[in-house]
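Student: Could you help me read an annotated site in a protein model?
Tutor: Gladly; let us look at the model together.

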Amino acid sequence: MGGETFDVKGPRPNDYPLRAPKPVGQLISHIYKDRIAQFYNGGQYEHQNLRAMMKEDSVSGEPHVQLWVWHAPGQTRPSFEEAVSNQFVKTNVGEWFGPSWTTHWFRVVLTVPEHLQNKRLLEFHWDSNSEGLVWSEDGKPLQGLTGGGERVEWILPDSFRDGKEHTIYIEMACNRMFGNAPGGDSIQPPDPNKYFRLDKAEIVAIDPDARQLWIDIWILQDAAREFPGDSWESHKALQVCNEIIEAFELGNRESLKKCRKIAEQYLGPNVDSPNVYNSGKEPLVYAIGHCHIDSCWLWPFAETKRKVVRSWSSQCDLMDRYPELNFVCSQAQQYKWLKQLYPYAFERVKKKVAEGRFHPIGGSWVEHDTNMPSGESLVRQFLYGQRFYESNFGKRCKTFWLPDTFGYSAQLPQLCRLAGMTRFLTQKLSWNNINRFPHTTFNWVALDGSQVICHMPPSETYTAEAHFGDVKRSMSQHKSLDQDNTSLLVFGKGDGGGGPTWVQIEKLRRCRGISDTVGLLPRVHMGSSVDDFFDRLERKADTFVTWYGELYFELHRGTYTTQAKNKKNNRRAEAKLRDLELLATIASVQDKSYKYPKEEFDAMWENVLLCQFHDCLPGSSIEMAYRESDQMYADVFSTAEKIMKGVSQVLGLEPALNHMSTTNTVALNTLPWPRRELVKISEKEAAVAHGTGPFLKLQKLETTKPLVTLRQVTKGAFVLENSQLRVHVEKGVITSLYDKQANREVIPKGQKANQYVIFDDKPLYWQAWDVEVYHLDTRKELPSGETEVHENTPHRVSVVTRTKVSDKSHIQTIIALNGAVEGEQSWVEVQSKVDWHETMKFLKVEFPVDVRNTEASYETAFGIVRRPTHYNTSWDMAKFEVCAHRWADLSEYGYGVSILNDSKYGFATAGQTMRLSLLRSPKAPDAHADMGTHHIRWAILPHQGSLSHVTIRKAFEFNNPTKLYSSPDAAALVAAPPPVWLTPDSSPAIVLDTVKRGEDDEDVSRGELPARKGQSVILRMYDSLGGLARGTVVTTWPLKKVCKVNLLEDDLEVVPWENGRFTVELRPFEVASYRLVLA
């Protein structure tokens, strides 16, 4: 340490000149850096710089490039066979094609002239400023085209270098990668009348040296700019750049080779091949090609089907040229579309999958929203996704992949583990607009304690351009370096598809070359898979930090409310599927001649799951997409009616008439606990439906005293009262709600419940997605008109009020109270009809309650999430708008209030005010989002005690009312024990949520996977309250065996049973599935 002597090599003293031969100035760094861009960019110097050397030669126009076109009618998207059977007409470069969303097929006849036939790299360049697809003459999709200067080249096969005519077809789609928005703001509603000019159709001889030098200098400039200014690595990069510029000679192609040799000083000698990754040095950043394709967004679902074939064909082509490229893509639905519509492309993908290069990932049907789907919907995303991957590619996914979804439900780690996945990738929380999420790599823990390894790429994107800066940020933004210093770099064009480009792959080669030659830049690697990356993490995962519960996304909170019809359809479809699977299971076991409608259920589920895509269900797509989803839901409901007819025939049911006898009528119940509720049997009469199981007995109300009363106290003011509740309503608001059983007032003195409030709703940018915290400052109460009597019968009373929102919008509100049924908690029901025609307004309804707690509880998929009611910290305040399913609850010790709903997901609790979000009115990307008439129901449910099974069950019942059917065997139906139920001494927290047939039963299987002999029934249940829950399941079906299974219906363990019953014990919030093998 100090004092050493060194043998310093250098000029001998007598070689050092006595006098300075010339002045030498200091290099002015910023000027020389700015000079670099002039060397390889477009602009005023492009005919004098490197760009002028890119092309060796080119030809266009006849006879070398001949063009014919056929215009597909309307907005149809005909197949290749349909298109080429039509009459094509001559066309030329410079012509315009449109309007938006139309399709134009081109027959392109290419003849390579003799002087180009021996050039090193021949490409066909096509730029229609829109998306397109290259097809072979015999109908094989070959490669996608993006347009607008990006991915416009297709490498000509060597067979075209013979001077003869060769035919290809190009399918031109009149949309850009991000749809058809006018101007430069892509989220604005699409312009229906955009036209696209064919700017280029030419055969080009590319100089590979010039093209490679272009990438060299690009990355070298990035190093000069992005390495620290006080580092020798930055100065060296700048020096090399300037040496290259000085060595370049316009027109001298040999100078290109000299320039590239200079670049090797910094990049190393191996950047032209995948050998650059074989240095044997340990990498830190693992690059994986990716193509995120939104199943709908700024384009319709129908266009996504073509985006898939364009994108994935391009990737297969790149894999043939770049052996190091490994590529991932999720969404089983998109693979199914490819299989159905483009079998050649699907087989090409399958081949790459078998080679271990193309990696299906994610394990789910689509990249779905996770906030709003029910627990069973999340299960089916995995069930349908994993089964598709296994049946088509021979294996299941190990990594759940949701890079772009708007927040992550608390039970996802448990469901992932039950679906065979131990890893999870996202990056969306990097978009948080209030707090910065603190981890990159961590263990994410579900409500039941299950965990998955979560990695959030520190480059903070799933569509990285593979820039120098992306690699650099993979280390500089890594927040878990004390546990693991590696990361994934997910690169490739995305959202609208595309995937990696050859430019991106070449840039990454150079980034690796810099790391191995110069250092400082994190060492990037290509050639590994996502599973390889997570395998390394898994070996040390027990040391990772933990994050418990939901991954709340501090942005896009408006998506809980936007596109109300779509959300209502989702809730309704989930309920119908649950009901029908139960009833069809009963029918198929009872009557062997009845075939369980598996094919129909699959079609229904696949539509529902597709509509849960993270830009569809959240409400952030264009209007065209919602026309498509409306049709999908219409198909679901139409199929549901047909299935119900078939089930009814087996069970001996017919729809009940308006005036019915209770002796031959049953109430159909699909919920698993005993029910007692009032049902209307005529305009003035009611009965009590009661019992356990699918068929409830009706007992006509025989009473001289009404169960509920309505009296007017002053003009426009009424009291609705039953044996449990007394409700004061005046001008449409509830001024008092008195719980007679608890002897307490629910509404704080002087306040008003069921008060409509409206807010200005102008987020910073993302209209359909966002509601910002400042909207709360614009709150205005909507005054209502006079309240009038609407209904007054012995079993139900109601009042109606009209509320003016504006000159364009109004609300009709019915507040109703049913007669109380002994042993059942009564609620106040509200029916709202909203005629909504606002602009950038947000409608909510408020419920101030005399209950105090620092946390409120909200239903989530298979569980409960508790969130703050205060704004103590920025993390608390960020949750000013949250997601809830069928209920939200504010309870203190001994008492609470729940708000139930039939179709809403947005909620907030601030202090003692509970607030249900009803409607928004954004104007982008759908200019007409939520315009029209909406029917919404909610209820106020006071309850003694804290949150309990009472709220859970009443919310189910509010969303699943009994339905009346007539049957000649009504007495026998109600007398028979239910086919499966939980005994009365079972924990009331256990919800038997799903009853369905086994996927692979021999009488059910559709042949995707090996069939199992015999019949089986799947039961799925969960603990709904967060405690150890024990119960006993009883069935009248003949049992042969009982197994606990995972979500994919693999047997996990045999469960002891006796006399048709078995016991269950569930961890807090555990989701448990059982397979009952029938004798």
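Tutor: We will go through the annotated site and then two of its residues. This is a predicted model, where local features need pLDDT of at least 70, side-chain atom pairs count only at pLDDT 80 or more, and totals for chains, interfaces and linings use all residues. Residues are numbered from 1 along each chain as its sequence is written, and side-chain values use heavy atoms, leaving out hydrogens and water.

Student: Which residues does UniProt list for "binding site"?
Tutor: UniProt annotations may be inferred rather than shown by experiment. Here the unreviewed entry lists His292, Asp294, Asp404, His614 and Asp615. They are spread over 324 residues of sequence, yet they cluster in space, with a largest C-alpha distance of 12.6 Å.

Student: Is aspartate 294 buried or exposed?
Tutor: Buried means under 20% relative accessible area, exposed over 50%, and partly exposed in between (1.4 Å probe, protein chains only). Aspartate 294 has 0%, so this residue is buried.

Student: What does the side chain of aspartate 294 make a polar contact with?
Tutor: A polar contact is a pair of N or O atoms within 3.5 Å; within protein, one must be able to donate a hydrogen and the other to accept it, and residues adjacent in sequence count only if both atoms are side-chain atoms. For aspartate 294, the partner is the side chain of histidine 292, at 2.8 Å.

Student: Why does histidine 614 count as buried?
Tutor: Because its relative accessibility is 0%. Its side chain also reaches the backbone oxygen of glutamate 367 at 2.8 Å.
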